[in-house]
Amino acid sequence: MQKTYSEVEAEKHFDSNRLWFGRFRTTRSFNKLTKPEKVAAEYITRAFVGLSYKYELRGPRRYTAKSVKHVILDLFPEKIAATNVFFTSVIPVLRRYIVFLGVQHKISNAKTLVNALDSIKPSELLARNKDTSNWDLHKKKGMQILMGYTRDADPKTVSIYEDIYNMGVPLRFCFDFSVNKPPKDIIMLTESLRKRFEQALYEKNK
């Protein structure tokens, strides 16, 4: 069992995930996802793989029911800055992806992992994401940019943040405009406005 984190090993896991996800994208199972879920899917799988390795030192063949629940219920809400639409897509996407990896013989305990996913209520994951006390300092900074509280964010700085702290999940996800160039008539997104915007976008794309 590996005892320390390795950037080289992390990149190997990301590379494998890119290859596997490319195949997953061509399946009927992927096509059954909703439009928002399809858009989020690659970022969700990348974040799951990255968090599992960085904080659990686990590759796909070492995933367990316990580690899956820890990554989704604890690490996603703590580390990943993203909209509620993104978080409602996590379980549906990972459920289909795990089944796919089992069929492809990339993991041997797909049924156990799917059962773990099925035991998680989407409302619980969403509630944990909304609870700001669960956010670490990096996520708090990312959410300030995502929600429009940080104006004129430098694109290069945002890109570095996404790669290093957000596991490649773009802060502009599910928004019709770039976080770096908001429309002139948008000053900031309050919590109530953000919820209304996300719901309208979700209804439009489902």
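pLDDT is the predictor's confidence in each residue, on a scale from 0 to 100. The protein averages a pLDDT of 87, and 83% of the residues score at least 70. Residues 174–189 fall below 50, yet this stretch has 33 contacts in the model beyond near neighbours in sequence. Contact means heavy atoms within 4.5 Å. Where pLDDT is low, the predicted coordinates should not be read in detail.

A few ground rules come next. This is a predicted model, in which local features need pLDDT of at least 70, side-chain atom pairs count only at pLDDT 80 or more, and totals for chains, interfaces and linings use all residues. Residues are numbered from 1 along each chain as its sequence is written, and side-chain values use heavy atoms, with hydrogens and water left out.

Start with the overall make-up. The protein has 10 helices and zero strands. From the N terminus on, the elements run α-α-α-α-α-α-α-α-α-α. Helices (H or I, at least four residues) and strands (E, at least two) are DSSP runs, numbered from the N terminus. Of the 206 residues, 46% are buried. Buried means under 20% relative accessible area, exposed means over 50%, and partly exposed lies in between (1.4 Å probe, protein chains only). Take the contacts between residues at least 6 apart in sequence: 74% of them join residues at least 24 apart.

Now look at helix H1, residues 7–24, and helix H3, residues 35–56. They pack at an angle of about 150 degrees, with their axes 10 Å apart. Axes are lines fitted to C-alpha atoms, for helices over the stretch in contact, and angles run from 0 to 180 degrees between N-to-C directions. The angle between H1 and H3 makes the two helices roughly antiparallel. The cut-offs are simple: angles under 35 degrees count as roughly parallel, over 145 as roughly antiparallel, 65 to 115 as roughly perpendicular, and the rest as oblique. H1 passes H3 in a right-handed crossing. A crossing is right-handed if the near helix is turned clockwise from the far one by less than a right angle, and left-handed if anticlockwise.

Which residues of H1 and H3 make the contact? H1 supplies Glu9, Ala10, His13, Phe14, Asn17, Arg18 and Phe21. H3 supplies Ala41, Glu42, Thr45, Arg46, Val49, Gly50 and Tyr53. By class, this contact has six nonpolar, four polar and four charged residues. Ala, Val, Leu, Ile, Met, Phe, Trp, Tyr, Cys and Pro count as nonpolar, Asp, Glu, Lys and Arg as charged, and the others, Gly among them, as polar.

His13 sits in helix H1. At 15% relative accessibility, His13 counts as buried. Leaving aside neighbours within four places in sequence, His13 touches Val49, Tyr53, Gly59 and Pro60.

H1 also packs against helix H5, residues 84–103. Here the angle is about 100 degrees, and the axes are 11 Å apart. That makes H1 roughly perpendicular to H5. Asn17, Trp20, Phe21, Arg23 and Phe24 of H1 meet Arg96, Tyr97, Phe100 and Leu101 of H5. These residues divide into six nonpolar, one polar and two charged.

Move on to helix H4, residues 65–79, and its packing with H7. Their angle is about 30 degrees, with axes 8 Å apart. H4 and H7 are therefore roughly parallel to each other. Their crossing is right-handed. Ile72, Leu73, Asp74 and Pro77 of H4 make the contact with Glu124, Leu125, Arg128 and Asn129 of H7.

Leu125 lies in helix H7, residues 122–130. Is Leu125 buried or exposed? Leu125 is buried, with a relative accessible area of 0%. Apart from neighbours within four places in sequence, Leu125 is in contact with Ile72, Leu73, Pro77, Phe87, Val90 and Ile91. Leu125 and Asp74 are 51 residues apart in sequence, and 8.7 Å apart in space, C-alpha to C-alpha.

Finish in the loops. Leu57 is found between H3 and H4. Leu57 has a positive phi of about 55 degrees, although it is not a glycine. Leu57 is buried, at 16% relative accessible area. Met167 is found in the loop between helix H9 (155–164) and helix H10 (191–205). Phi of Met167 is near 55 degrees, a positive value in a residue other than glycine. Met167 is buried, with a relative accessible area of 6%.
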